[in-house]
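Morning, everyone. I have one protein to walk you through. Please look at the screen.

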Amino acid sequence: MKTQTRSGHLGKFSAAEYTLLKSLALGLCCAEITKLIGLNNEQFESICSSLFQKLDAANPYVAVKNAFQKNSLNKYSVVV
């Protein structure tokens with residue numbers, strides 16, 4: 001996977017973290033995201049952990065909420 005990063009007010013997201021965040025914002029569940037991105041459970045948990053730490057979140061709902069509040073996501077960035 002590419003190591004391209006996205007800058008935001010919360011620091012930098014890897015391409016995988018940003019894809020995961022956008023997928024969560026679209027309402028996809030963990031199993032769907034894992035299959036869509038092609039990750040095993042261990043990789044998925046690692047990316048989630050890193051993303052949640054950057055967003056000071058304990059769950060997907062809070063991660064998405066914090067990302068929107070800090071302008072790391074907006075309604076246009078999650079459109080497919």
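In which helix does Asn 66 lie? Asn 66 lies in helix H4, residues 60-69. Helices here are DSSP runs of H or I of at least four residues, strands are runs of E of at least two, and both are numbered from the N terminus.

A word on the source. This is a predicted model: local features need pLDDT of at least 70, side-chain atom pairs count only at pLDDT 80 or more, and totals for chains, interfaces and linings use all residues. Residues are numbered from 1 along each chain as its sequence is written, and side-chain values use heavy atoms, with hydrogens and water left out.

Back to Asn 66. Is Asn 66 buried or exposed? Asn 66 counts as buried, because its relative accessibility is 13%. Buried means under 20% relative accessible area, exposed means over 50%, and partly exposed is in between, with a 1.4 Å probe and protein chains only. A polar atom of the Asn 66 side chain lies 3.3 Å from the backbone oxygen of Asp 56.

Now Asp 56 itself. Asp 56 sits in the loop between H3 and H4. Asp 56 is exposed, because its relative accessible area is 69%. Its phi is positive, about 50°, although Asp 56 is not a glycine. Most residues other than glycine have a negative phi. Asn 71 is another residue to look at: its phi is near 60°, also positive in a residue other than glycine. Asn 71 is in the segment after H4. With a relative accessible area of 57%, Asn 71 is exposed.

Next, the overall plan. The protein has 4 helices and 2 strands. Along the sequence, the pattern is β-β-α-α-α-α. Of the 80 residues, 34% are buried. The accessible surface is about 5,300 Å², and carbon and sulfur atoms hold 52% of that. Those areas come from the Shrake-Rupley method with a 1.4 Å probe, and for residues only the protein chains shown count as cover. Take the contacts with a separation of 6 or more: residues 24 or more positions apart account for 55% of these. Contact means heavy atoms within 4.5 Å.

On to H1, residues 15-25. Its buried residues are Ala 16, Glu 17, Tyr 18, Leu 20, Leu 21, Ser 23 and Leu 24. An α-helix has 3.6 residues a turn, so residues three or four places apart point the same way. After H1 comes Gly 27, with a positive phi near 90°.

How does H1 pack against its partners? Two packed helices are described by the angle between their axes and the distance between the axes. The axes are lines fitted to C-alpha atoms, for helices over the stretch in contact, and angles run from 0 to 180 degrees between N-to-C directions.

Take H3 as the partner, residues 41-54. H1 and H3 pack at about 80°, with axes 10 Å apart. That makes H1 roughly perpendicular to H3. The cut-offs: under 35 degrees is roughly parallel, over 145 roughly antiparallel, 65 to 115 roughly perpendicular, and the rest oblique. Among the residues in the contact are Leu 20 of H1 and Phe 44 of H3. By class, the contact of H1 with H3 has 9 nonpolar, 1 polar and 2 charged residues. Ala, Val, Leu, Ile, Met, Phe, Trp, Tyr, Cys and Pro count as nonpolar, Asp, Glu, Lys and Arg as charged, and the others, Gly among them, as polar.

Then H4. H1 and H4 pack at about 105°, with axes 9 Å apart. That also makes H1 roughly perpendicular to H4. The H1 side brings Leu 21, Leu 24 and Ala 25, and the H4 side brings Pro 60, Ala 63, Val 64, Ala 67 and Phe 68. The contact of H1 with H4 has 8 nonpolar residues, no polar and no charged ones.

Why does Glu 17 count as buried? Glu 17 is buried because its relative accessible area is 5%. Its side chain makes a polar contact of 2.4 Å with the side chain of Ser 50. A polar contact is a pair of N or O atoms within 3.5 Å; within protein, one must be able to donate a hydrogen and the other to accept it, and residues adjacent in sequence count only if both atoms are side-chain atoms.

Last, Leu 20, buried with a relative accessible area of 1%. Leu 20 and Phe 44 are 24 residues apart in sequence, and their C-alpha atoms are 8.9 Å apart.
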